[in-house]
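Dear colleague,

Here is the structure that I promised to hand over, together with some notes on what was found in it. Please keep it open while you read, so that you can look up each residue as it comes up.

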Amino acid sequence: MAFELTVEPIEESVDVADGQTLLDACLRAGVWLPHACGHGLCGTCKVEVLDGEVDHGEASPFALMDFERDEGWTLACSATARTDVCIEADIDEEPDAVVRPVRDFEGTVSRLEHLTSDILGIWITVDDPVEFQAGQYLNLHVPGVERPRAFSFANDPGDAHEVQLQVRLVPDGEATPKLHTELKVGDTLKFAGPYDRFFVRRSHDKPMLFLAGGSGLSSPKSMVEELLRTGCEQEITLIHGVRSADDVYFDDLFRSLEEQHPNFRYVPALSQPDDTPWEGETGFVHEVAERLFDGSFKGMSAYLCGPPVMIDACIRSLMKGRLFERDIFTEKFVTEADGESAKSPLFKRI
Ligand SMILES: Cc1cc2nc3c(=O)[nH]c(=O)nc-3n(C[C@H](O)[C@H](O)[C@H](O)COP(=O)(O)OP(=O)(O)OC[C@H]3O[C@@H](n4cnc5c(N)ncnc54)[C@H](O)[C@@H]3O)c2cc1C
């Protein structure tokens, strides 16, 4: 049974199937709604129900508080329709956005490589081209795991037939240990995407700063590779924060890009250097960024990708250095472990 979902103020209507979330129905119909974690954790997709009845599903009580439920708010990523529904969403104009309906894909694992002791590179060959904006993510169905898991596209979108992922092992997790130990070349994987609005605002025409933590290098890698391939002439700095020298990966790739493109600077940084000889930067990503730019980020655009704690520290440094919210874009790898802190007190979105 399908209900009609109307989205205000854009006056779009889509069908929503029984049990389908409001967000899924919209994204698959090419109607964009703000969203991020996709699992009721972060609150980015909060919308007001103007008319009709919804089931809030598994929305976290931190991301959707009791009083908000009483006042008629819901999380589009978790809510399903019980009747025809009309919602109001806060949809910003985004001149750089390319709206692509979310679709289902199936591909074959063509390569697996342990990039570090806890990050697995997965390459998936697909017949059907996967079009996305660099920075976006997909929802991967891991065989034997009920709910899909979010992973950012790590490949240049110019190569639409081979999706690349960088998957960090969460030792007590359900899906990532399976991927690290059971996945084989030749296996079939299913996923849906593209999701989210973490992408480069090329119209901003400003020097760009990419701050990545651990496997949060995935999106910035895709974004930087595409920018350089397509002749971007703005200054681009990528700071990749990891714990020790053994955790640095794709170093050769970025050093070679640095040699080919004078406008690109690559800075790996260690937060817990061990005895391995290291002549590069040390400290947390935000500390290194402050040092490199003398604490002033005025006139730049910043793209942050990685765990919430890193993103929040970077946002504080950037804002202290006179960069405003409109020039800071974030992709938080939010998980259930982040609970109450999933919603940044500093930001409206993510
Ligand atoms: C938009 C988005 C993009 C993402 N992109 C990437 C990416 O490119 N590469 C990547 O490696 N990860 C990425 N992540 C994080 C990734 O989705 C999770 O690490 C993954 O879903 C964990 O799955 P699991 O089944 O192994 O763990 P679960 O079974 O879901 O969790 C098991 C336990 O570990 C905790 N946990 C789960 N994930 C983490 C974590 N990351 N850190 C600490 N504790 C955790 C859970 O709260 C729970 O207690 C992204 C997340 C989001 C929201």
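Does glutamate 11 count as buried or exposed? The model is a predicted one, and in it glutamate 11 counts as exposed, because its relative accessibility is 64% and the word exposed is used for values over 50%. Glutamate 11 is found in the loop between strand 1 and strand 2, and its phi is positive, about 55 degrees, although it is not a glycine. The loop between strand 1 (2–8) and strand 2 also holds proline 9, and the peptide bond that leads from glutamate 8 to proline 9 is cis, with omega near 5 degrees.

Strand 2 itself (residues 12–17) contains aspartate 15, which is exposed, with a relative accessible area of 59%. On the surface, Asp15 gathers with Glu4, Asp51 and Asp84 in a patch of negative charge.

Proline 194 has its place in strand 13 (residues 188–195), and the peptide bond from glycine 193 to proline 194 is cis, with omega near 0 degrees. Aspartate 196 lies in the loop between strand 13 and strand 14 (208–213), and its phi is near 85 degrees, a positive value in a residue other than glycine. Aspartate 196 counts as buried because its relative accessibility is 5%, and buried means under 20%. Phenylalanine 132, in the loop between strand 9 (119–125) and strand 10 (137–141), is buried as well, with a relative accessible area of 4%. Although phenylalanine 132 and aspartate 196 are 64 residues apart along the chain, their C-alpha atoms are separated by 10.0 Å.

Another pair to compare in sequence and in space is threonine 108 and valine 126, which are 18 residues apart in sequence and 6.6 Å apart from C-alpha to C-alpha. Threonine 108 is found in strand 8 (residues 103–114), and with a relative accessible area of 36% it is partly exposed.

Next come the charged pairs. Side chains of opposite charge can pair when their charged atoms come close. How many salt bridges does a search of the whole structure find? The search finds 21 of them, and a few are described here.

In one of them, the side chains of aspartate 128 and arginine 103 meet with a distance of 2.5 Å from N to O. Aspartate 128 lies in the loop between strand 9 and strand 10 while arginine 103 lies in strand 8, so this pair ties together parts that are 25 residues apart in sequence. Both partners are partly exposed, aspartate 128 with a relative accessible area of 37% and arginine 103 at 36% relative accessibility.

Aspartate 118 forms a salt bridge with arginine 243, and the closest N and O atoms of the two are 3.2 Å apart. Here the pair links distant parts of the chain, since aspartate 118 is in the loop between strand 8 and strand 9 and arginine 243 is in the loop between strand 15 (236–242) and helix 5 (251–260), 125 residues apart. Aspartate 118 counts as buried at 13% relative accessibility, whereas arginine 243 counts as partly exposed at 40%.

Lysine 320 forms a salt bridge with glutamate 290, with the closest N and O atoms 3.6 Å apart. Lysine 320 belongs to helix 7 (residues 308–320) and glutamate 290 to helix 6 (residues 285–292), so the pair ties together parts that are 30 residues apart in sequence. Lysine 320 is exposed, with a relative accessible area of 65%, whereas glutamate 290 counts as partly exposed at 24% relative accessibility.

Finally, please look at helix 4 (residues 218–229), which has 12 residues and reaches 17 Å from its first C-alpha to its last, close to the 16 Å expected at 1.5 Å a residue. Helix 4 is mostly covered, with 10 of its 12 residues buried, among them Pro220, Met223, Val224, Leu227 and Leu228. Helix 4 is followed by glycine 231, whose phi is positive, near 80 degrees.

With best wishes

Terms used. Residues are numbered from 1 along each chain as its sequence is written. This is a predicted model: local features need pLDDT of at least 70, side-chain atom pairs count only at pLDDT 80 or more; totals for chains, interfaces and linings use all residues. Side-chain values use heavy atoms; hydrogens and water are left out. Patches are made of residues with over 30% relative accessible area and no salt bridge: like charges are joined within 9 Å, nonpolar side chains (Val, Leu, Ile, Met, Phe, Trp, Tyr) within 5 Å. Accessible areas come from the Shrake-Rupley method with a 1.4 Å probe; for residues, only the protein chains shown count as cover. A salt bridge is a side-chain nitrogen of Lys or Arg within 4 Å of a carboxyl oxygen of Asp or Glu. Lys and Arg count as positive and Asp and Glu as negative; His and the chain ends are not counted. The place of a charge is taken as NZ of Lys, CZ of Arg, CG of Asp or CD of Glu. Helices (H or I, at least four residues) and strands (E, at least two) are DSSP runs, numbered from the N terminus. Buried means under 20% relative accessible area, exposed over 50%, partly exposed in between (1.4 Å probe, protein chains only). The expected span of a helix is 1.5 Å times one less than its number of residues.
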